[in-house]
Amino acid sequence: DLWLIDDDFIPVELTTFTATANNGTVELSWITATETNNQGFEIQRKQYNSRWERIGFVEGHGTTTESQAYLYSDRDVKVGAYSYRLKQVDFDGTFEYSNVVEVNIAQPNVYALDQNYPNPFNPSTTIKYSIPKESFVTLKIYNLLGEEVTTLVNEKNAIGNYEVGFNASALASGIYLYRIQAGDFVDTKKMILLR
């Protein structure tokens with residue numbers, strides 16, 4: 001049993017709790033076998049030598065004898081080691097903590113510009129990039145005539161993995177280019193806006 005209690009009656013029977021790091025996002029997933037009076041799960045995170053902080057809440061299924069699967073994404077997590085735990089809260093306010101899972105966000109070692117996702121998109125998409133050393137970064141969108149449409153990033157970035165949202169609701173359908181410049185690194189990729 002993954003709950004840290006010695007009780008005959010367990011309000012929520014947790015069967016798995018895992019954390020997976022991918023490109024600056026930590027995906028937390030857990031499965032319950034049964035739930036009784038479960039209001040939900042407070043997601044807590046801490047770094048080495050710091051306090052636990054609440055970063056989100058996921059609603060529970062109240063009372064159920066069926067297995068339930070849960071997911072939570074912690075986005076834009078900076079480089080470093082993190083611990084996560086669940087605080088399961090009942091409707092009457094009682095709570096229990098899960099065991100702790102640990103994850104390490106590795107430092108990127110190369111500059112990278114990823115393909116936007118989703119692509120094609122309408123009207124929003126996400127662009128991810130990685131910076132291996134502190135750099136002044138510009139990330140701009142252009143139309144096929146080479147005219148600048150908008151600037152998404154224009155600032156100094158610390159080492160890390162970044163994720164930027166782009167909403168193209170004011171633009172016409174078509175192919176657009178996005179271009180990053182960070183130090184001596186320059187890269188351009190295509191994106192398709194489909195209405």
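These are my notebook entries on a predicted model of one protein chain.

**Entry 1, ground rules.** I worked with a predicted model, in which local features need pLDDT of at least 70 and side-chain atom pairs count only at pLDDT 80 or more, while totals for chains, interfaces and linings use all residues. Residues are numbered from 1 along each chain as its sequence is written, and side-chain values use heavy atoms, with hydrogens and water left out.

I looked up the secondary structure and found 14 strands and 0 helices in the protein chain, where strands are DSSP runs of E with at least two residues, helices are runs of H or I with at least four, and both are numbered from the N terminus. I then took the radius of gyration over C-alpha atoms, with the globule rule set at 2.2 Å times the number of residues to the power 0.38; the protein chain has 21 Å, whereas a compact globule of 195 residues would have a value near 16 Å. The C-alpha atoms fill a box of roughly 70 × 40 × 20 Å along the principal axes.

With contact meaning heavy atoms within 4.5 Å, 58% of the contacts between residues at least 6 apart in sequence join residues at least 24 apart.

I defined a nonpolar core as a set of buried Ala, Val, Leu, Ile, Met, Phe, Trp, Tyr and Cys residues joined through side-chain atoms within 4.5 Å. The largest core has 20 residues, of which Tyr 129, Leu 139 and Met 191 touch the most other members. Two or more residues each come from β9 (124–131), β10 (135–142), β12 (160–167), β13 (174–182) and β14 (185–193), and β13 gives the largest share, 4 residues. Leaving aside neighbours within four places in sequence, I listed the contacts of Leu 139, among them Leu 113, Ile 127, Tyr 129, Val 164 and Ile 180. A second, separate core of 18 residues includes Val 26, Leu 28, Phe 41 and Tyr 72.

I placed Thr 64 in strand β3 (residues 53–64). Is Thr 64 buried or exposed? Thr 64 counts as buried because its relative accessible area is 14%. Beyond its neighbours within four places in sequence, Thr 64 is in contact with Thr 34 and Glu 35; the C-alpha atoms of Thr 64 and Glu 35 are separated by 5.2 Å, although the two residues are 29 apart along the chain.

How values were computed
Buried means under 20% relative accessible area, exposed over 50%, partly exposed in between (1.4 Å probe, protein chains only).
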